[in-house]
Every structure is written in structure tokens, then in C-alpha cells.
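Me: I'd like to learn how to read the side-chain links in a protein model. Could you walk me through them?

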Amino acid sequence: QVQLVESGGGLVLAGGSLLLSCQASGSIFSSVGMGWYRQAPGKQRELVAAIASGGATNYADSVKGRFRISRDNAKNAVYLQMNSLKHEDTAIYYCNAGGRAGFWGKGTLVTVSS
């Protein structure tokens with residue numbers, strides 16, 4: 001089993017940056033694909049960025065060029081660097097391991113004030 005704990009959310013002005021971190025427990029971390037999802041009020045949860053165990057990444061079109069996902073297998077951690085934040089990035093951000101049927105953190109709230 002994998003437990004995930006997110007941190008780094010908060011209130012930021014439009015155009016600003018935030019770094020989200022996800023600390024994972026469990027020995028399988030290095031072999032599992034990881035991702036960040038978000039859910040805004042009244043909307044479905046959507047994939048923001050994902051990183052495979054080998055390091056390949058993919059991003060939602062809405063965040064390409066602004067967000068960067070990375071992982072540190074030695075620390076069992078995955079990160080989401082968010083730059084040039086927009087009001088529409090406001091959401092609860094969830095760390096995920098193993099895809100939608102996998103493991104989820106409890107989420108961290110990101111609020112972008114315009």
C-alpha cells in the first residue's frame with residue numbers, strides 16, 4: 001500500500017509560482033507512475049501532469065510550458081512546480097500513484113487570486 005501526503009498549497013497572486021510536494025510511503029514508489037490531478041469546484045477531477053517510473057512526462061494542454069513535474073525516487077517524493085499561475089488554476093490538487101484506480105492523497109488547496 002502507498003500513502004501520499006501533499007504539501008505546498010496556498011494563496012498566490014496571478015502570475016506567481018508555487019511548488020507542490022508529495023511525500024510517499026511504501027517501497028514500490030520507484031516503480032510506480034505518479035501524477036498530479038486537480039479538481040475545481042463543480043468540475044471533474046482532471047489530470048494535470050504525470051511522470052512514469054522511467055521519467056517520461058506528460059501534461060494537460062492547459063498547463064504545458066507553465067508547470068513541471070519531477071520525482072526524486074531516493075526521497076520517495078514527487079513535485080509540481082507551477083509558474084505563471086492563473087485564476088483558473090484554482091483547485092484542490094491531488095497526488096496520485098498508479099493511475100485513477102491507484103492511491104490518492106487528501107489534496108492541497110491552491111487558490112490563485114486575480
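Reply: Happy to; we will take the disulfide and then the salt bridges of this predicted model.

Me: What is a disulfide, in general terms?

Reply: A disulfide is a covalent bond between the sulfur atoms of two cysteines. Here the count is 1 disulfide, and it joins Cys22 to Cys95 with an S to S distance of 2.1 Å. Cys22 belongs to strand β3 (residues 18-25) and Cys95 to strand β9 (residues 91-97), so the link spans distant parts of the chain, 73 residues apart.

Me: Which handedness does the link of Cys22 and Cys95 have?

Reply: That link is left-handed, with -85° about the S-S bond.

Me: Are Cys22 and Cys95 buried or exposed?

Reply: Both are buried.

Me: How many salt bridges does the structure hold?

Reply: Side chains of opposite charge can pair when their charged atoms come close. This structure holds 4 salt bridges. In one of them, Arg38 pairs with Glu46, with the closest N and O atoms 2.7 Å apart. Arg38 also pairs with Asp89, at 2.9 Å between the closest N and O atoms.

Me: Why does the pair of Arg38 and Asp89 tie together parts that are 51 residues apart in sequence?

Reply: Because Arg38 lies in strand β4 (residues 34-39), while Asp89 lies in the loop between β8 (77-82) and β9. Salt bridges that share partners join Arg38, Glu46, Arg66 and Asp89 into one network.

Notes
Residues are numbered from 1 along each chain as its sequence is written. This is a predicted model: local features need pLDDT of at least 70, side-chain atom pairs count only at pLDDT 80 or more; totals for chains, interfaces and linings use all residues. Side-chain values use heavy atoms; hydrogens and water are left out. A disulfide is a pair of cysteine sulfur atoms within 2.5 Å. Helices (H or I, at least four residues) and strands (E, at least two) are DSSP runs, numbered from the N terminus. Buried means under 20% relative accessible area, exposed over 50%, partly exposed in between (1.4 Å probe, protein chains only). A salt bridge is a side-chain nitrogen of Lys or Arg within 4 Å of a carboxyl oxygen of Asp or Glu.
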